[in-house]
Amino acid sequence: MKRNIAIILIILSSSGYSQWFPQNSSIQNELSKIFIFGNTGYSTSINTGTAIQKTTNAGDSWLLSGNFGAVVTTLYFLNNFTGFVVSLDGFTHKTTNGGSSWEVYQTAVPYTSFSSLYYIDENTGFRGGVG
């Protein structure tokens, strides 16, 4: 019983310092997927669809980090540098330099729409969807 109380107190005291604040950004569309690592974050917007944005200043400003020619359905980042994007055409793209450049990592699967993406490491991942 003492162990459970100690864990609860640690969680409460550490979460007491976390706060969320409203923040304006340069993105005019609703965000659909977001990955955040400290001050660096990546997002895709519902309306802009084919691009992802990147922030390096905790969301004060966002810049284009990639345009994929097809609607981005999901994205997943392992860290600030390595990430994956799946577009509606079924292709998976990979970056290892924080989104400065992207390469086709896995080719499309015909008649498949991927909506989920998860990677264990740079070489092992899972795509899920309808097809």
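**Group meeting: strands and a salt bridge**

Let me start with strand β7, residues 92-95, which pairs with β8 in the antiparallel sense over three bridges. Strands here are DSSP runs of E with at least two residues, numbered from the N terminus, and two strands count as paired if DSSP finds at least two bridges between them. Within that pairing, His93 has Val104 in β8 as its bridge partner.

A note on the source: this is a predicted model, in which local features need pLDDT of at least 70, side-chain atom pairs count only at pLDDT 80 or more, and totals for chains, interfaces and linings use all residues. Residues are numbered from 1 along each chain as its sequence is written, and side-chain values use heavy atoms, with hydrogens and water left out.

Back to the sheet. β7 and β8 belong to an open sheet of four strands, ordered β5-β6-β7-β8, with antiparallel pairing. At the edges stand β5 (72-77) and β8 (103-106); each has a single partner strand, so one side of each is left without a neighbour in the sheet. On average, neighbouring strands of this sheet are turned by 30 degrees against each other, direction ignored. For that angle, axes are lines fitted to C-alpha atoms, and angles run from 0 to 180 degrees between N-to-C directions.

Next, the hairpin. β9 and β10 form it, with five residues between them. Strand β9, residues 113-119, pairs with β10 in the antiparallel sense over six bridges. One of the residues involved is Ser116, whose bridge partner in β10 is Gly128.

Which residue forms a salt bridge with Lys94? That is Glu122, with the closest N and O atoms 3.9 Å apart. Glu122 lies in the loop between β9 and β10 and Lys94 in strand β7, so the pair ties together parts that are 28 residues apart in sequence. The criterion is a side-chain nitrogen of Lys or Arg within 4 Å of a carboxyl oxygen of Asp or Glu, and the structure holds one such salt bridge.

Are the two partners buried or exposed? Lys94 is buried at 9% relative accessible area, while Glu122 is partly exposed at 38%. Buried means under 20%, exposed over 50%, and partly exposed in between, with a 1.4 Å probe and protein chains only.

Last, the surface. Tyr118, Ile120 and Phe126 make a nonpolar patch of about 330 Å². Patch residues have over 30% relative accessible area and no salt bridge, and nonpolar side chains are joined within 5 Å; areas come from the Shrake-Rupley method with a 1.4 Å probe. Phe126 sits in strand β10, residues 125-130, and is partly exposed at 47% relative accessibility.

Methods: Patch = residues over 30% accessible without salt bridge, like charges linked within 9 Å, V, L, I, M, F, W, Y side chains within 5 Å.
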